[in-house]
Amino acid sequence: MSPAHRLAWLDVLRGIGALAVAFHHGTFHYLPELRRGYIDQFSPGIWGVLVFFLVSGFIIPASLERTGSVRRFWIGRLFRIHPLLLVALGGFVVLGVTGLSPMEERLGEGFDPVAAVLAHLTMLQDLLSVPSALNVLWTLSYEMIFYLLVVGLFALRVHRRSATVTLAVAGTALAIGPLLPTLALTRGLGLRPAVVVVTVAVVLSIVLACSRRPGVARAGALLGGATGLAVVLFNSRIEAWQGLVLLAMMFLGTAVHRADQGELAWRWVALAGVGTVTAALVLGRWGSPDMVDDNAGRAWNSAVLLAVAAFAAAMALRDRRMPRVLAWLGVISYSVYLLHPLVLALSDGTIWRPERDNPWWMAGYLVAVVALSAVTHRLVETPMQRLGRRVARRADPGPPSPGAVPASSPAPEPSARS
């Protein structure tokens, strides 16, 4: 099978996950009565996010190990994530300037523009006490932490011990997660100094990690990993155990990838999965899962269990032909995820919300989101990813560096949509 066919199941998961998140946010506007009937039992939004994280864990380390080039990895991430992110943030500014959706509603009265810009450009705003300009951007903070940790583990040559890493992260969440402070760095230094310090550390780590000198590159990778871990443990907006569970979910996806490639026994994946799910359920029972509406523990638990089940089911069916429509939705899923809050804000600012449940409004909204996403994927995402690949090849045209996946054990081709 071609690499694209082998990864179609991931696209299907992403497509369904993106629609689940868009639907979840749309219910606040168009199906409030329906939402009240199920939201304390199940959160489709968090389910979609957890599915995304499992998929990211499966594919992101593979994109690094395929070439063994940290430089190519960071260039690829930059051109994959930031072009559409800048378009979405530009839309947020336009809505704010025109008064259709005042920026203060999202960033707060008297927000610090310097801190807001720096935090959003590093994608770490959710870990730096800066409100997200768009409500979905908080997940990018944990994606960025995952990138930093993956590069750090790669530098230490322990990146293949994915089950061990998963259990270590889940075990940390279970053992000390509820005891860790929130926003300690921000409170100690102040908002802007904390944002500047973390921004400098992250940018410096990436620059150093891309060095051709092995010692400098290793130091940069370790600085990035240490910075990312520090902000998750000590400066999270939500309780630290939740951020650790999200990271454990991503590393669980990586462990599945290892087993799929024959690098790890499936029994270790099962152990890592049981450990991650157990930590999530126990902490969700005794903690307060801020990520779900009304901190509903049952909604958190069901989202965790069903996300893992959906990922397992999709992987079990990965050799079957996937529906093209769902796979295509996966291709444009990043646009769907990032842009649907803008569609909702524009609708609220120019038209109105129905007073009662209106499925037709919901259907129209979802159609508009998908149509807009198809356009932005074609005009923004695809050309910028192509440019990113050209830049990456020019920046690092040499053979893979030590640590790259050998030819006898190929990583799946990430393709343009990873």
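What pLDDT does the protein average? The average is 91, and 93% of the residues score at least 70. Here pLDDT is the predictor's confidence in each residue, from 0 to 100. Residues 400-418 fall below 50. That stretch still has 56 contacts in the model beyond near neighbours in sequence, a contact being heavy atoms within 4.5 Å.

This is a predicted model, in which local features need pLDDT of at least 70 and side-chain atom pairs count only at 80 or more, while totals for chains, interfaces and linings use all residues. Residues are numbered from 1 along each chain as its sequence is written, and side-chain values use heavy atoms, with hydrogens and water left out.

Start with two helices. Helix α5 spans residues 70-97 and helix α8 spans residues 138-155. Helices are DSSP runs (H or I, at least four residues), numbered from the N terminus. The axes of α5 and α8 come within 12 Å and cross at roughly 175 degrees. That makes α5 roughly antiparallel to α8, a term for angles over 145 degrees. Axes are lines fitted to C-alpha atoms, for helices over the stretch in contact, and angles run from 0 to 180 degrees between N-to-C directions.

Which residues of α5 and α8 meet? From α5 come Val 70, Phe 73, Trp 74, Arg 77, Ile 81 and Leu 85. From α8 come Leu 140, Met 144, Tyr 147, Leu 148, Val 151 and Phe 154. By class, this contact has eleven nonpolar, no polar and one charged residues.

A search of the whole structure finds three cavities of 30 Å³ or more. A cavity is a set of points on a 1 Å grid over the protein atoms alone where a 1.4 Å probe fits but cannot get out; lining residues have an atom within 4 Å of a point.

The largest cavity holds about 330 Å³. It has 20 lining residues, and Arg 14, Phe 52, Ser 56, Glu 143 and Tyr 334 are the closest to its centre. Helices α4 (44-65), α5, α8 and α17 (333-350) each supply at least two lining residues. The largest share, seven residues, comes from α4.

The second largest cavity has a volume of about 60 Å³. Its lining includes Pro 61, Glu 65, His 159 and Arg 258. Here α4, α8, α9 (162-176) and α13 (240-260) each supply at least two residues. The largest share, three residues, comes from α13.

Methods
Parallel < 35°, antiparallel > 145°, perpendicular 65-115°, else oblique. Nonpolar A, V, L, I, M, F, W, Y, C, P; charged D, E, K, R; others polar. 1 Å grid on protein atoms, 1.4 Å probe; cavity = no way out; pocket = protein on both sides within 12 Å on 5 of 7 lines; lining within 4 Å. Points joined across faces, edges and corners; volume = space filled by probe spheres on them.
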